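Trainee: May we go through the aromatic rings of a protein model together?

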Amino acid sequence: MKKFVKLTSGIVPLNIENIDTDQIIPARFLKATTREGFGENLFRDWRYNGDNSPKPDFVLNNPTYSGQVLVAGKNFGCGSSREHAAWAIQDAGFDVVISSFFADIFKGNALNNGLLPIQVTEDFLAAIFNAVGKDHNAQLEIDLENQTVTIASTGEQADFEINPYKKSCLINGYDDIDFILNQKQLIEEFEKAR
């Protein structure tokens with residue numbers, strides 16, 4: 001996985017609540033066994049008409065918005081468990097998803113795949129939507145080491161929680177196997193001491 005320490009990025013606002021995993025990546029696209037190619041079907045039914053033409057009013061089809069941070073309404077990633085949801089978001093170019101609430105299964109899948117889910121208060125989420133509403137080029141500064149997200153234009157800042165183990169994995173670019181392999185010397189020392 002790629003390392004994540006700090007990120008300054010534009011915002012793609014998706015101010016919709018209760019976005020479930022079937023809306024993120026519809027089940028009919030889950031036939032592939034590798035992670036590549038899911039981004040083109042991210043929010044497929046919201047992004048495209050039946051004839052595959054883009055819906056111009058959907059935010060991912062609006063060239064005004066760009067960035068590596070997807071900001072969504074409350075209760076993001078609810079519904080069935082599918083790693084493909086995290087894969088699709090990443091494959092579409094996002095490194096971070098911000099919401100005021102995440103489904104636990106989605107949050108775990110995101111962290112396991114190097115996608116950072118940041119849960120903020122509803123007030124701070126509203127402040128982000130307000131900032132990008134005023135300026136489509138608004139930026140967020142995300143500092144994983146200090147666990148903060150800052151609206152660059154206003155200086156408003158919020159702290160976020162993250163499992164210390166998953167934080168270490170993201171900062172070092174480790175998946176679970178990489179982490180264990182990195183502990184080889186400690187494991188060998190432990191075994192020798194037994």
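The questions below concern aromatic pairs and their surroundings.

Mentor: This is a predicted model, in which local features need pLDDT of at least 70, side-chain atom pairs count only at pLDDT 80 or more, and totals for chains, interfaces and linings use all residues. Residues are numbered from 1 along each chain as its sequence is written, and side-chain values use heavy atoms, with hydrogens and water left out.

Trainee: How many aromatic pairs does the structure hold?

Mentor: Rings of Phe, Tyr and Trp (its six-membered ring) pair if their centres lie within 6.5 Å. Planes under 30 degrees apart count as stacked, over 60 as edge-to-face, and the rest as tilted. The number of aromatic pairs in the structure is seven.

Trainee: Which arrangement do the rings of Phe43 and Trp46 have?

Mentor: The two ring centres are 5.6 Å apart. The planes of Phe43 and Trp46 stand at 0°, so the pair is stacked.

Trainee: Is Phe43 buried or exposed?

Mentor: Buried means under 20% relative accessible area, exposed means over 50%, and partly exposed lies in between (1.4 Å probe, protein chains only). Phe43 has a relative accessibility of 0%, so it counts as buried.

Trainee: Which residue forms one aromatic cluster with Phe43 and Trp46?

Mentor: Phe43 and Trp46 belong to one aromatic cluster.

Trainee: What is the relative accessible area of Phe106?

Mentor: Phe106 is classed as buried. Its relative accessible area is 2%.
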